[in-house]
Amino acid sequence: MTLKGKSYALGAGTIINAIATLKGSAFGVDLKTFVDVELSEDSGTIHGEIDGNPDADTTLIERSVELVLKHYGLEYSGTVSTKSEIPLASGLKSSSAAANATVLATLDAIGERMDSLDAVRTGVQAAVDAGVTVTGAFDDACASFFGGIVVTDNENLELVKRTECDKDVLIFAPDEKGFSSKTNISRSKLIADWIDIAYELALDRNYGRAMTLNGFLYCGALGFDTELMMRALEVGVEGVSLSGTGPAFTALVEKGKANELKKSWENCNITGNVIKTKINNSGAFWE
Ligand SMILES: Nc1ncnc2c1ncn2[C@@H]1O[C@H](COP(=O)(O)OP(=O)(O)OP(=O)(O)O)[C@@H](O)[C@H]1O
Ligand SMILES: O=C(O)C1=C[C@@H](O)[C@@H](O)[C@H](O)C1
């Protein structure tokens with residue numbers, strides 16, 4: 001008999017990148033990764049496929065299925081396939097969305113339900129095992145799973161705060177990729193004292209100011225141009241940042257006010273796509 005399960009989880013944007021201090025903050029966006037899992041009740045391997053990306057590494061999604069099966073003492077073979085609206089390896093948490101949705105689709109296939117935070121932690125463990133993360137990216141994983149804005153302690157895998165927020169989100173996704181596992185960790189740690197200030201702002205719900213401070217600091221540490229951030233400030237946006245380890249940038253914009261920034265970003269001479277979306281406060285899908 002074939003067991004089938006499906007799910008989706010969200011992409012996300014950064015308020016605080018946790019690599020400097022192991023404390024982070026992120027928001028879920030309305031871009032999704034959809035996952036289908038098919039399992040046979042015989043021991044064997046799990047084979048992953050990424051739609052439109054035949055050369056991408058499937059270790060993360062295969063490991064996510066394996067960890068869920070291991071938790072329930074099951075030894076099945078099968079396939080896991082993903083289809084995504086989130087640009088891969090851009091800083092928009094494609095890995096967190098793939099891991100979360102795979103954990104949930106596997107639970108759906110085997111007819112089990114796990115505590116939400118345990119499901120998130122399983123995806124984080126899969127990301128650590130697959131070598132796609134520096135801190136485990138629990139902040140990104142919570143934003144991708146629960147939606148809204150989250151503040152987290154990545155070291156202790158604790159969700160410190162979650163807030164719902166009705167804002168539009170503008171994304172600038174350059175054509176090139178930037179894998180988190182290849183980021184400059186020692187440079188990121190040099191800005192820790194100032195990232196602590198941004199984290200305090202996020203704890204006080206000053207998300208826009210926290211995000212912009214994070215953006216200037218990480219652009220400095222990792223050598224990214226701040227032109228896209230300055231263009232956002234020029235049109236009155238409060239919250240704009242390099243997302244994760246880049247190269248994408250995201251801006252939090254008041255509802256209906258995204259067009260001015262969209263025009264400005266489209267007219268700058270950096271090649272990439274401008275995507276208009278919004279904060280998703282509903283989170284991942286599971287039945
Ligand atoms: N749709 C997907 N299906 C399966 N695996 C994926 C998918 N998207 C990303 N991954 C896995 O995640 C890896 C990219 O992880 P990485 O953390 O570098 O990107 P990101 O999550 O988009 O960036 P960031 O953590 O800075 O937001 C890919 O190499 C692949 O292994
Ligand atoms: O790999 C990691 O641990 C991280 C990567 C980026 O997305 C960061 O934004 C996140 O806070 C931590």
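Q: Two residues are in contact if their C-beta atoms, placed from the backbone, lie within 7 Å; by that rule, which elements do the buried residues of α4 pack against?
A: This is a predicted model, in which local features need pLDDT of at least 70 and side-chain atom pairs count only at pLDDT 80 or more, while totals for chains, interfaces and linings use all residues. Residues are numbered from 1 along each chain as its sequence is written, and chains are lettered from A and ligands numbered from 1 in the order in which they are written. The buried residues of α4 pack against the strands β1 (2-16), β2 (23-40), β5 (149-153) and β6 (158-163), and also against the helices α2 (94-110) and α3 (116-130).

Q: Why is α4 called a helix, and why is it called mostly covered?
A: Helices are DSSP runs of H or I with at least four residues, strands are runs of E with at least two, and both are numbered from the N terminus; α4 spans residues 138-146. A residue is buried if 20 or more other C-beta atoms lie within 10 Å of its own, exposed if 12 or fewer, and partly exposed in between, with C-beta atoms placed from the backbone. Nine of the nine residues of α4 are buried, so the helix is described as mostly covered; among them are F138, D140, C142 and F146. After α4 comes G147, whose phi is positive, near 70°.

Q: What makes a residue part of the shell around ligand 1, and which element gives the most?
A: A residue is near a molecule if its C-beta atom, placed from the backbone, lies within 6 Å of it. Ligand 1 is surrounded by 26 residues, the closest being T82, S94, S95, S180 and G244. Two or more residues come from each of α1 (59-71), β4 (77-84) and α2, and α2 gives the most, with four.

Q: What is known of the residues that surround ligand 2?
A: Ligand 2 has 15 residues around it, and the closest are A18, G24, T133, T135 and G244.

Q: How do you know that β8 and β9 pair, and in which sense?
A: Two strands pair if DSSP finds at least two bridges between them; β8 and β9 (residues 249-253) have four bridges in the antiparallel sense, and therefore count as paired. L242 has F249 of β9 as its bridge partner. Six residues lie between the strands of this hairpin, where G244 takes a positive phi near 55°.

Q: What makes both faces of β8 count as covered?
A: In β8 (residues 239-242), G239 and S241 on one side and V240 and L242 on the other are all buried.
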